[in-house]
Amino acid sequence: IKTIGVLTSGGDAPGMNAAIRAVVRKAICNGVKVKGIKKGYQGLLNEEIIDMDARSVSDTIQKGGTILGTARCLEFKTEAGQKKGAEICRRHGIDGLVVIGGDGSYRGAQAMSRLGINTIGLPGTIDLDIACTEYTIGFDTAVNTAMQAIDKVRDTSSSHERCSIIEVMGRNAGYIALWCGVGTGAEDILLPEKYDYDEQQLINNIINNRKKGKTHHLIINAEGIGHSTSMAKRIEAATGVETRATILGYMQRGGSPTCLDRYYASIMGAYAADILCAGSSNRVVAYKHGEFVDYDIEEALAMQKEIPEYHYQVSKALAT
Ligand code: ATP
């Protein structure tokens with residue numbers, strides 16, 4: 001391996017810059033040149049490729065988003081698009097690639113590996129919804145951003161004795177909702193993996209909590225369930241308690257990464273550069289049982305992950 005490329009793909013996540021920086025600098029330490037590919041697979045097909053050196057990533061570790069830009073690219077899902085991508089890599093002398101993104105991006109990485117470009121995936125998503133790893137780049141920042149916002153809503157919710165429904169991101173996964181819900185002491189946490197759409201239960205909970213003397217009622221609703229505004233209207237009508245919905249939205253994806261995201265993304269980026277320079281391909285870097293490891297992409301994509309039942313039960317027990 002003489003030259004590697006690095007790209008970010010899918011949704012952006014805080015900490016991606018720390019990962020890019022680590023890939024670039026560790027590869028250079030290993031005597032390998034680095035090219036940055038802008039805007040994910042779309043930028044690859046458009047040949048938006050730049051030379052990178054250690055200074056290209058100066059002053060980036062503390063920044064949110066991704067300095068390389070990111071995109072979704074339909075053409076790359078086709079065989080023709082993937083072949084074109086591999087040819088472009090060859091033309092630019094890129095014989096190895098680090099792809100930072102989610103499951104979808106790993107499929108693209110797998111295609112590149114099959115076409116002879118050694119490719120390594122890194123888990124970049126705020127949603128924590130990648131089965132092979134217990135950590136994904138951006139999750140820690142996103143939950144902390146959301147938690148701080150929820151604390152603020154909770155203050156005003158208490159003052160006005162309101163019920164608040166706060167919708168957090170996570171797509172079909174409930175990890176952000178669970179962590180924020182436990183972290184803010186929410187009375188109810190609605191997870192797509194567990195919610196049975198029994199609104200009457202929620203309503204009973206609110207009424208019972210009022211009787212117990214609780215001044216507010218905080219419901220954390222996951223994006224995968226959604227419909228927070230209409231839910232608030234129905235709850236207010238049924239309970240007589242003033243109920244407001246707040247949808248946190250894209251603020252959860254931005255901001256300066258936490259130290260945990262910077263640290264883990266740095267180690268993972270360096271790890272990816274190292275295994276790529278050592279000749280590995282078609283692997284993804286993961287964090288499992290307290291260690292950084294790597295898996296075959298096929299194997300990683302076949303893995304399943306669930307919200308730990310005990311954690312969910314604890315979240316319920318502590319909300320009483
Ligand atoms: P996030 O979870 O943050 O959205 P992701 O990587 O899962 O990240 P996707 O939009 O699914 O996001 O995928 C990102 C890009 O990866 C796609 O736009 C496409 O270019 C490429 N990709 C997705 N699926 C495939 C596939 N089956 N084959 C080849 N490339 C793919």
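Predicted model: local features only at pLDDT ≥ 70, side-chain atom pairs only at ≥ 80, totals over all residues.

Me: Fine. What order do the strands take in the seven-strand sheet?
Reply: E3-E2-E1-E4-E5-E10-E11. The sheet is open, and its pairing is mixed.

Me: Which strands stand at the edges?
Reply: E3 and E11, the latter at residues 291-296. Each has a single partner strand, so one side of each is left without a neighbour in the sheet.

Me: And how much twist from one strand to the next?
Reply: It averages 25 degrees.

Me: Which helices pack there?
Reply: H1 is one of them: it lies across E1, E2, E3, E4 and E5, at about 180 degrees to E1. H4 touches E4, E5 and E10, and its direction makes about 170 degrees with that of E5.

Me: How many bridges does E1 make with E2?
Reply: Four, in the parallel sense. Ile4 stands opposite Val34 in E2. The chain gets from E1 to E2 through helix H1, residues 16-29, and this β-α-β crossover is right-handed.

Me: What about E1 with E4?
Reply: Parallel again, over five bridges. There, Thr8 stands opposite Ile100 in E4.

Me: How many bridges join E6 to E8?
Reply: Six, between residues 163-168 of E6 and 217-222 of E8. Cys163 stands opposite His217 in E8.

Me: Now the core. Which residues have the most contacts inside the largest one?
Reply: Ala19, Val98 and Ile176, in a nonpolar core of 86 residues. Helix H9, residues 259-277, gives the largest share of this core, with nine residues.

Me: What is Ile176 in contact with, past its neighbours within four places in sequence?
Reply: Among others, Ile126, Ala142, Val143, Ala146, Val168 and Met169. Asp127 and Gly170 are on the list as well.

Me: Last topic. Where does UniProt put the "binding site" feature?
Reply: The unreviewed entry places it at Gly11, Arg72, Cys73, Gly102, Asp103, Gly104 and Ser105. These positions are spread over 95 residues of sequence, yet they cluster in space, with a largest C-alpha distance of 14.0 Å.

Me: Take Arg72. Where does it lie?
Reply: In the loop between strand E3 (49-52) and helix H3 (79-91). Arg72 counts as partly exposed because it has 16 C-beta neighbours inside 10 Å.

Me: And Gly102, buried or exposed?
Reply: Buried, because Gly102 has 21 C-beta neighbours inside 10 Å, and the cut-off for buried is 20 or more. Gly102 lies in the loop between strand E4 (96-101) and helix H4 (103-114).

Me: What does Gly102 touch, not counting residues up to four places away?
Reply: Gly10, Gly124, Thr125 and Ile130.

Notes: Residues numbered from 1 in each chain as written. Core = buried A, V, L, I, M, F, W, Y, C linked by C-beta atoms within 7 Å. Buried ≥ 20, exposed ≤ 12 C-beta atoms within 10 Å, placed from the backbone. Helix = DSSP H or I, 4+ residues; strand = E, 2+ residues; numbered from the N terminus. Contact = placed C-beta atoms within 7 Å. UniProt positions renumbered as here; feature names shortened; annotations may be inferred. Pairing = 2+ DSSP bridges. Right-handed = clockwise from strand over helix to strand, strands pointing away. Axes fitted to C-alpha atoms, helices over the stretch in contact; angles between N-to-C directions.
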